[in-house]
Amino acid sequence: MKLSVEQEKSIKDFVDEQGLTIPALRDDILDHLCCVVESELKAGKTFDQSLHEAISELAPNGLIDLEHKTFFLLNSKRIIMMKKLMYFIGFVGALTLTTGITFKILWYPGANKLFITGFLLLLLVFVPMLAFDRYKVAIAKTLSERLKIILGCVSGVIVGLSGLFKLMHWMGAEVLLLAGAFIFAIGYLPFLFFTMYKRALA
């Protein structure tokens with residue numbers, strides 16, 4: 001039994017509503033669902049039952065989850081390299097910062113350079129890379145989820161810099177602290193509690 005125009009449109013609408021961002025994958029899924037549903041209709045099943053079973057078999061956790069897995073497979077080498085680089089920078093930053101703190105306590109030379117280098121590596125390289133990594137995962141999610149990540153990263157970096165400025169007795173620490181606290185309170189917290197509220201309702 002061949003699918004009617006309305007049935008094809010129904011499948012197409014369902015796939016488009018999922019928000020897939022890879023056009024080739026979207027077309028492949030659409031073709032696959034149409035073929036499976038058409039085959040099941042010939043076996044005597046209803047359209048709704050056939051579509052439901054076809055979707056459950058293809059992507060039990062949803063089409064977006066299928067897209068994430070496809071994206072990872074297509075870019076696995078690049079993603080693994082980026083994650084290696086990100087965590088290596090995080091390790092070097094934490095190691096340098098720890099060494100700098102230890103040197104400062106013991107009054108060893110070079111303490112300030114190590115402390116500042118470690119602090120900046122963590123704040124200006126590792127934290128943004130980590131936030132970008134989380135942002136990519138949240139691309140298919142709601143705008144509030146993405147804004148929460150961006151504003152959280154920005155406020156964290158600014159507050160962290162204010163701490164560094166304060167410890168090193170540099171000018172501008174108070175301005176940075178006020179700016180970071182303002183972004184955190186007015187920008188990050190509303191999105192944090194809004195997403196928590198949405199999850200509680202789900």
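Colleague: In which crossing, left-handed or right-handed, does H2 pass H3?

Modeller: H2 passes H3 in a right-handed crossing. A crossing is left-handed if the near helix is turned anticlockwise from the far one by less than a right angle, and right-handed if clockwise. Helices here are DSSP runs (H or I, at least four residues), numbered from the N terminus. This is a predicted model: local features need pLDDT of at least 70, side-chain atom pairs count only at pLDDT 80 or more, and totals for chains, interfaces and linings use all residues. Residues are numbered from 1 along each chain as its sequence is written, and side-chain values use heavy atoms, leaving out hydrogens and water.

Colleague: At what angle do the axes of H2 and H3 cross?

Modeller: Two packed helices are described by the angle between their axes and the distance between the axes. Axes are lines fitted to C-alpha atoms, for helices over the stretch in contact, and angles run from 0 to 180 degrees between N-to-C directions. H2 covers residues 23-42 and H3 residues 47-58. Their axes cross at roughly 130° and come within 9 Å. H2 and H3 are therefore oblique to each other. Angles under 35 degrees count as roughly parallel, over 145 as roughly antiparallel, 65 to 115 as roughly perpendicular and the rest as oblique.

Colleague: Which residues in H2 meet H3?

Modeller: Contact means heavy atoms within 4.5 Å. From H2 come Ile29, His32, Leu33, Val36, Val37, Glu40 and Leu41. They meet Phe47, Ser50, Leu51, Glu53, Ala54, Ile55 and Leu58 in H3.

Colleague: What does Val37 touch, not counting residues up to four places away in sequence?

Modeller: Val37 touches Leu3, Ile11, Phe47, Ser50, Leu51 and Ala54.

Colleague: How many residues has the largest nonpolar core?

Modeller: A nonpolar core is a set of buried (under 20% relative accessible area, 1.4 Å probe, protein chains only) Ala, Val, Leu, Ile, Met, Phe, Trp, Tyr and Cys residues joined through side-chain atoms within 4.5 Å. The largest one has 19 residues. Val37 and Phe47 are among those with the most contacts inside it. H2 gives this core its largest share, seven residues.

Colleague: Is Ala43 buried or exposed?

Modeller: Ala43 is exposed (over 50%; partly exposed lies in between). Its relative accessible area is 61%. Ala43 sits in the loop between H2 and H3.

Colleague: At what angle do H1 and H3 pack?

Modeller: H1 and H3 pack at about 35°, with axes 12 Å apart. Gln7, Ser10, Ile11 and Phe14 of H1 make the contact with Phe47, Leu51 and Ile55 of H3.

Technical notes:
Helices (H or I, at least four residues) and strands (E, at least two) are DSSP runs, numbered from the N terminus.
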